[in-house]
Amino acid sequence: HHNFIGYKFLSSSSSTWESGAGSISLPLTSLRSNYTFRIFRWTESEVNPQIHDQDHNPLPGTKHLLAESETVGFELGRGPEQIHLALAGREGEMRVMFVAEDPEERQVRYGEKEGEWEGDVAVARVGRYEREDMCHAPANESVGWRDPGWIFDAVMSGLKGGVKYYYQVGSESKGWSTTRSFVSWDKSSNETIAFLFGDMGTATPYLTFSRTQDESISTIKWILRDLEALGDKPTFISHIGDISYARGYSWLWDEFFNLIEPVASKVPYHVCIGNHEYDWPSQPWKPDWANSIYGTDGGGECGVPYSLRFNMPGNSSEPTGAHAPATRNLYYSFDMGPVHFVYMSTETNFLQGSSQYDFLKHDLESVDRMKTPFVVVQGHRPMYTTSFESRDAPLREKMLEHLEPLFVKNNVNLALWGHVHRYERFCPLKNFTCGSMGQKGKDWEALPVHVVIGMAGQDWQPTWEPRPDHPHDPVYPQPKRSLYRTGEFGYTRLIATKEKLTLSFVGNHDGEVHDMVEILASGQVLNGGDDNNGKVGAVHKVDDVTRYSFSHYVWGGSVLVLGGFVGYVLGFVSHARRQIATERGWTSLKTEER
């Protein structure tokens, strides 16, 4: 009984609970196994303060079972689920991944006309991970482990650039998914559009051991609105670490992929690794200065679900030093229109002499700025932040020592980071000092603009950094280098031509732009500096993406509701009457209980 995956307090979710009858609504996510629902009585005297969830609330007791439902399952033949796309790294290709309940052969069929596949079929390779691959609790214990299903990976090839394709995944014997569509990667395009954020997580309609992220629903809702407004323009999504926040409770990965499927099945969904996908006590790279940094944040997953559920371009990997498979998807890059995007790992070795540093150095030095005048680097933990994140200070010092000179020398335009669950934009920066932006007759200096974008869902927020001489006073002055910062949830939208790159922050409370920075191909930052030339109110003139009809908003919200994204429940009540156990489909237990 205590290995439940979630629970609801009937006293707070059903107004008629005291009568012994009532109803609650719980949309279910397929976990490739049956569900049962069990009602327990739990008295205040039985509360064990030592057994609690991440919010320090006591977990419900399971000593007094009152009733148990019949099993509930999903019908067969519905086709695969958790469909998501990624760039394969080669022109004319698109990767699609999905999950099914068995390893029997599945395919992807695709074509320019819906329902007319014209022989374009690719067989998916299949793999999975096991409980024994996990490195620590709770991922390798009964309370955290659930069967992840079989993970399929197929590549659609021979695609024309910038063309809309329709596709289905599955098989004749096991069923096909509904038809999805995407616009293929257009290597010759002079425009880049992307949606970027970190630390989103997922939401569930029940409480569980680990805190979930309700704001993730709004983030996906607004991005879906933007995608519908774009029409048939190619774009992609970038999620820079702390992906699902499963932290060893494996069914939260299922909930996450169910949440993002409406967008990830339409556009490539790219990721880099964060502490909550990877960190565990015996991870192989853990220098003395990092003892306080790399801990148990991964919940024992040691990067395994992340490495197998995604397949990013390139072939970067690091051994786990354990029986677990090597960690993948650590660092890679690709061109999208006039922008060269680089992804890195802050959880594995990035110091000079490491394979990652060598990759970054070679990659940045090899960029053809005539072809891709803009370079955007992304990683999880930030090099700069004014949040009070003292634990990560040694890591930031190493990033400043080893990576910042590389970024400055190679004229990186944007450095995007997550981990801190806020939005914060800095001036063009080197060694904590703002560079000249060419205002008031001064020469401008091409320096990276650092932006923290970890505000997509996780709601745990540290305070801003206090005054050094008054560390205990709730006064948090904003340093000159920090041009805009907020605790609001949202995401960023990047739009670039060969002449200019614009990064906008969209807030979740209204879906509007609240901050913006523009950078020319020369490297000059046009606005967001000391004189704040770029007025946020003018952002809506930048492009047509900000012009939405009411129908787009309504349609986007409806898809999320109908798509469903939640799973299992275990409820309990303080008092229950006999009627609840005698309803059809329930088995009465301990009928003397009231």
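The side chains of Glu93 and Arg90 make a polar contact of 2.6 Å in this predicted model. Glu93 sits in the loop that runs between β4 (81–87) and β5 (94–100). With a relative accessible area of 16%, Glu93 is buried, because the cut-off for buried is under 20%. Setting aside its neighbours within four places in sequence, Glu93 is in contact with Ala88, Val155, Met156, Ser157 and Leu159.

**The chain as a whole**

How many helices and strands does the chain have? There are ten helices and 30 strands. The chain has 594 residues, and buried residues make up 58% of them. Of the contacts between residues at least 6 apart in sequence, 73% join residues at least 24 apart.

The average pLDDT of the chain is 87, and 88% of the residues score at least 70. Over residues 529–594, pLDDT stays under 50. For that stretch the model has 157 contacts beyond four places in sequence. Where pLDDT is low, predicted coordinates should not be read in detail.

**Two packed helices**

Two packed helices are described by the angle between their axes and by the distance between those axes. Helix α2 covers residues 215–230 and helix α3 covers residues 251–264. Their axes lie 9 Å apart, at an angle of about 10°. Are α2 and α3 roughly parallel or roughly antiparallel? Angles under 35 degrees count as roughly parallel, and α2 and α3 are therefore roughly parallel to each other.

On the α2 side, the contact is made by Ser216, Ile217, Ile220, Ile223, Leu224 and Leu227. On the α3 side, Leu259, Ile260, Pro262 and Val263 take part. Nine of the residues in this contact are nonpolar, one is polar and none is charged.

**Backbone features in loops**

Most residues other than glycine have a negative phi, and most peptide bonds are trans. What kind of peptide bond joins Ala137 and Pro138? The bond is cis, with omega about 0°. Pro138 is placed in the loop between β8 (125–127) and β9 (150–156).

Asp199 is not a glycine, yet its phi is positive, at about 60°. This residue belongs to the loop between β13 (192–197) and α2. Asn411, also a residue other than glycine, has a positive phi near 55°. The loop that holds Asn411 lies between α8 (404–409) and β21 (414–417).

Is Asp199 buried or exposed? Asp199 counts as buried, because its relative accessibility is 0%. Asn411 is partly exposed, with a relative accessible area of 37%.

Trp444 is found in the loop between β23 (433–434) and β24 (449–453). Its relative accessible area is 34%, so Trp444 is partly exposed. Along the chain, Trp444 and Gly523 are 79 residues apart. In the model, their C-alpha atoms are separated by 9.0 Å.

| Residue | Relative accessible area | Class |
|---|---|---|
| Glu93 | 16% | buried |
| Asp199 | 0% | buried |
| Asn411 | 37% | partly exposed |
| Trp444 | 34% | partly exposed |

Note on methods. Residues numbered from 1 in each chain as written. Predicted model: local features only at pLDDT ≥ 70, side-chain atom pairs only at ≥ 80, totals over all residues. Heavy atoms only, no water. Axes fitted to C-alpha atoms, helices over the stretch in contact; angles between N-to-C directions. Helix = DSSP H or I, 4+ residues; strand = E, 2+ residues; numbered from the N terminus. Parallel < 35°, antiparallel > 145°, perpendicular 65-115°, else oblique. Contact = heavy atoms within 4.5 Å. Nonpolar A, V, L, I, M, F, W, Y, C, P; charged D, E, K, R; others polar. pLDDT = per-residue confidence, 0-100. Buried < 20%, exposed > 50% of the residue type's maximum accessible area, 1.4 Å probe, protein only. Polar contact = N/O pair within 3.5 Å; in protein donor to acceptor, adjacent residues only side chain to side chain.
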